[in-house]
Each structure stands twice: as structure tokens, then as C-alpha cells.
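Let's read a structure together, one feature at a time. Have the picture open while we talk.

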Amino acid sequence: MEPYNVLFLCTANSARSILAEAILNEIGEGRFRAFSAGSHPRGTVNPAALDVLRSLGHSVDDLRSKSWDEFAEPGAPKLDFVFTVCDNAAGEVCPIWPGQPVTAHWGIPDPAAVQGSEAEIHAAFFDAYRQLKNRISLFTALPIASIDRLSLRHRLAEIGKGDAA
């Protein structure tokens with residue numbers, strides 16, 4: 001069976017969507033292939049996001065900030081799911097994604113917006129990581145192949161509503 005292709009969107013594609021991509025590619029156990037992108041990508045990944053991922057044993061070698069346009073072009077992977085992880089991206093008009101993916105909004109507070117000491121900033125990134133990992137763990141536990149599209153959409157929306165979902 002082909003893995004499900006999942007795209008995580010955030011405006012800058014430098015923090016939350018990057019964290020989500022790394023988490024799902026690790027815990028998806030080959031059932032999922034994660035990507036991330038932004039509507040207005042910063043072009044670089046936030047160093048604190050990379051620090052947190054490295055400290056938790058994730059590979060960061062292939063992570064990069066990129067435009068969501070890459071996933072709307074001919075030859076792009078057929079997307080099965082698209083999740084927005086920031087409120088700004090959720091309100092933007094998205095490109096037409098190949099494959100008519102199931103979409104949901106999983107808003108997470110922006111750790112890159114936190115002002116303070118290095119410890120406070122890293123704490124915000126760890127909190128964003130924890131929230132994303134909780135949601136992604138619930139997502140990967142769903143019996144996707146046996147749920148109708150409407151029920152799946154409802155469950156994904158519920159996962160995005162809370163910290164522990």
C-alpha cells in the first residue's frame with residue numbers, strides 16, 4: 001500500500017509546519033509521508049525548531065522552508081491530507097491541490113513569535129512540538145482506510161480543537 005501524503009501548512013514554513021513534518025515522518029512508520037510548505041516561506045528554518053528536533057533525535061537534514069506552490073505544480077505528490085497549523089494560513093486561499101485531499105485546521109500558537117530568553121523561546125518550541133505530536137499520534141491511530149470521508153473530516157477537525165484532542 002502506498003503511504004498517505006500529508007502536507008502541513010504555515011505562513012512562513014519555518015517552525016510549526018517543519019516540526020509537524022519531522023514528527024509525522026518519524027512516527028508515521030512508513031504509512032505516511034509528510035511534507036511542509038508556506039504561503040510566504042521565510043526561506044530558512046527557525047534555528048530553535050532545528051535545535052528542538054535534534055535534541056529529540058529527529059533528522060533535520062532534509063528540512064527546508066519552501067512555497068506551497070511546489071505542491072500545486074504538475075508532477076507534485078498527490079496529497080491525501082492537508083493540515084494548516086497556523087491561523088494565518090487557515091484564512092488564506094490555498095492553491096488547488098492534486099488529489100482532492102482531506103483538509104483540517106490544527107492551529108498551534110507560534111513559538112517563533114515568543115519574546116524572551118533562549119530558555120523561554122525553546123520552551124515555546126517544545127510546547128508546540130508536544131501539541132503537534134499529540135495530534136499527529138491521534139491522527140496516525142485512526143483507521144483511515146475504513147472511515148468514510150465525512151467522518152474522517154469530522155475526526156480530524158476534532159483532533160485540531162484541543163491541546164490533548
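Q: At what angle do H2 and H4 pack, and how far apart are their axes?

A: Start with the general idea: a pair of packed helices is described by the angle between their axes and the distance between those axes. Here H2 and H4 pack at an angle of about 60°, with axes 9 Å apart. The axes are lines fitted to C-alpha atoms, for helices over the stretch in contact, and the angles run from 0 to 180 degrees between N-to-C directions. Helices (H or I, at least four residues) and strands (E, at least two) are DSSP runs numbered from the N terminus.

Before we go on, a word on the source: this is a predicted model, where local features need pLDDT of at least 70 and side-chain atom pairs count only at pLDDT 80 or more, while totals for chains, interfaces and linings use all residues. Residues are numbered from 1 along each chain as its sequence is written, and side-chain values use heavy atoms, with hydrogens and water left out.

Q: What is the handedness of the crossing of H2 and H4, and which residues make the contact?

A: A crossing is left-handed if the near helix is turned anticlockwise from the far one by less than a right angle, and right-handed if clockwise. The H2 and H4 crossing is right-handed. On the H2 side, the contact is made by Ala48, Ala49, Asp51, Val52, Leu53 and Ser55, and on the H4 side by Ile121, His122, Phe125, Phe126 and Tyr129. Contact, by the way, means heavy atoms within 4.5 Å.

Q: How many nonpolar, polar and charged residues does that contact of H2 with H4 have?

A: For the classes, Ala, Val, Leu, Ile, Met, Phe, Trp, Tyr, Cys and Pro count as nonpolar, Asp, Glu, Lys and Arg as charged, and the others, Gly among them, as polar. The contact of H2 with H4 has eight nonpolar, two polar and one charged residues.

Q: And how do H1 and H4 pack: at what angle, and with their axes how far apart?

A: Helix H1 (residues 16-27) and helix H4 (residues 118-141) pack at about 45°, and their axes are 9 Å apart. Angles under 35 degrees count as roughly parallel, over 145 as roughly antiparallel, 65 to 115 as roughly perpendicular and the rest as oblique. H1 and H4 are therefore oblique to each other. H1 passes H4 in a right-handed crossing. Residues in the contact include Leu19, Ile23 and Ile27 of H1 and Phe125, Leu132 and Phe139 of H4. Sorted by class, the contact of H1 with H4 has 11 nonpolar, two polar and two charged residues.

Q: Is Leu19 buried or exposed?

A: Buried means under 20% relative accessible area, exposed over 50%, and partly exposed in between (1.4 Å probe, protein chains only). Leu19, which is found in helix H1, is buried, with a relative accessible area of 0%. Leaving aside neighbours within four places in sequence, Leu19 is in contact with Ala49, Leu53, Phe125, Ala128, Tyr129 and Leu132.

Q: Which residues of the largest nonpolar core touch the most other members?

A: A nonpolar core is a set of buried Ala, Val, Leu, Ile, Met, Phe, Trp, Tyr and Cys residues joined through side-chain atoms within 4.5 Å. The largest one has 41 residues, and Phe8, Phe81, Phe83, Trp106, Phe139 and Leu156 touch the most other members. Among the elements that each supply at least two residues of this core are strand E1 (4-9), helix H2 (47-55) and helix H5 (149-159). Another core, of nine residues, lies apart from it, with Leu7, Ala37, Trp68 and Val82 among them.

Q: Where is Leu7 found, and how far apart are Leu7 and Phe35 in space?

A: Leu7 is found in strand E1. Leu7 and Phe35 are 28 residues apart in sequence and 4.8 Å apart in space, C-alpha to C-alpha. Leu7 is buried at 0% relative accessible area.
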